[in-house]
Structures are given as C-alpha cells and as structure tokens.
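Below is a brief report on a chain. Keep the sequence and the 3D view open while you read.

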Amino acid sequence: AKILEHVMPIVLRIFFVVYPIITNVAFEVFSCYRFEDGRGWLVADVTMQCDSAEHLTAKLLARIAIVVYPLGIWLLNLALLLAARTAIQSGRPTTLSSTLDFLHREYKPEYFWWELVEMLRRFLLVGLYVALLEPFQQGSIMQVALATLTAIIFLTIQVQAMPYRDSFDNQLALACSLSLTVMLLTCILYKLASFTD
C-alpha cells in the first residue's frame, strides 16, 4: 500500500502529461496532403506515400495505439475517479483520492470529473475529426465545422458549470474556450471567402 501510495501518483501524472503528445502523434498518421492526381503523402513524413502498404500498416498501428492509450487512459481515469468520488465529494480524503488529487484538486467537488471533459475535448479536436474525416481533404470545411461545433458546445457547458474552485481560473478557462471558438469561426469565414472569391 505504501509503494502504491508513492508510485501511483507519479505514474498517473506521467500518463497524464504524455496523453496529448501520444494522441497527437497517433493521429498524425491520418493526415495526408493530396494532389490533384489523387496521390498523397503523409504530412508528418513526406517520404511515406498515403494508401501504400507501409501507410496502411502505420494506420493499423495508430488505431491500436489510439484504443490502448488515449481511450485507455481516459477510461482508467474515469474508473479511478468514480471509485474515489465519495471521498472527493465528502472532503474526507482516502489514499486513492489523494493519489488522484492532481485530477480533481482545481475543481469544485461536484465537478471532480471535469478533467475527463477536458481530455475528451482535446481528443476530439486534436485527432478524432482528422481520423473520421480522412476521406476528405485535410483542412476541409467539414473538419472546421465539426471542430467549431464541438468548441461551441463545450463553451456553453463550461459557462453553465463554472467548474473551477477559483473564479480567476473559471474566467481564464472561459477566455481560452472563447478564443478557440472565435478562431475556429474565423477559419470558417476564411474557407467560405476562398470558395466564393
């Protein structure tokens, strides 16, 4: 129990810190730059031709990595937070709730799960829309529209919840979410301007 108490927080923090990096790298396999003749090359590695045998193998490995790491870490954090929810909400810490402190410390007790919402938002915006919309050209209006819709929904929920303990943190998070939404709306305007120009 003592080893678990000292080692588990470090391991969970490492998993948490590398989560966006691994998610981003795994989804880079789906980003191809396609030319008018239909051929394309991987944006992250221009030596790899898209839809080649090597690329198909890389996509298979990326799908496995996405299921194992981004989704697996999210589900692990969900299970651990649910197991510790009584201690977190009651304010009587246990070994498990103390171990997970970095996941819920900044949030109000009723929103102890908010970090999972943040992880889900990053998962959607960083990669899932790239993988789902792979047949479309990278940076298509569909990708930008889905990302904008996600940002607007998340901003609306965040305004209603105000999940942080500190009001300054709430204001800062709202400013960041609003900036992201405005940036994505601006991207849609640029796309529409390029279509109608």
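Setting aside neighbours within four places in sequence, proline 109 is in contact with Ile88, Gln89 and Arg165; contact means heavy atoms within 4.5 Å. The model is predicted: local features need pLDDT of at least 70, side-chain atom pairs count only at pLDDT 80 or more, and totals for chains, interfaces and linings use all residues. Residues are numbered from 1 along each chain as its sequence is written, and side-chain values use heavy atoms, with hydrogens and water left out.

Proline 109 sits in the loop between α4 (101-104) and α5 (114-132). Helices (H or I, at least four residues) and strands (E, at least two) are DSSP runs, numbered from the N terminus. Proline 109 has 26% relative accessibility and counts as partly exposed. On this scale, buried means under 20% relative accessible area, exposed over 50%, and partly exposed in between (1.4 Å probe, protein chains only).

**Helix α2**

α2 has 38 residues. Its first and last C-alpha atoms are 55 Å apart, close to the 56 Å expected at 1.5 Å a residue. That expected span is 1.5 Å times one less than the number of residues. Where does α2 bend? The bend is at alanine 84, by about 55 degrees. Here the bend is the angle between axes fitted to the seven residues ending at a residue and the seven starting there. Glycine 91 follows α2, and its phi is positive, near 80 degrees.

**Cysteines**

How many disulfides are there? The count is one, taking a disulfide as a pair of cysteine sulfur atoms within 2.5 Å. Cysteine 32 and cysteine 50 form it, with sulfur atoms 1.9 Å apart. The pair links distant parts of the chain, 18 residues apart. Cysteine 32 is in strand β1 (residues 32-34), while cysteine 50 is in the loop between β2 (40-42) and α2 (53-90). The link is left-handed, with -105 degrees about the S-S bond. Are these two cysteines buried or exposed? Both cysteine 32 and cysteine 50 are buried.

Cysteine 176 is in no disulfide, and the nearest cysteine sulfur, that of cysteine 187, is 17 Å away. Cysteine 187 is likewise in no disulfide. The table gives their accessibility.

| Cysteine | Relative accessible area | Class |
|---|---|---|
| Cysteine 176 | 48% | partly exposed |
| Cysteine 187 | 31% | partly exposed |
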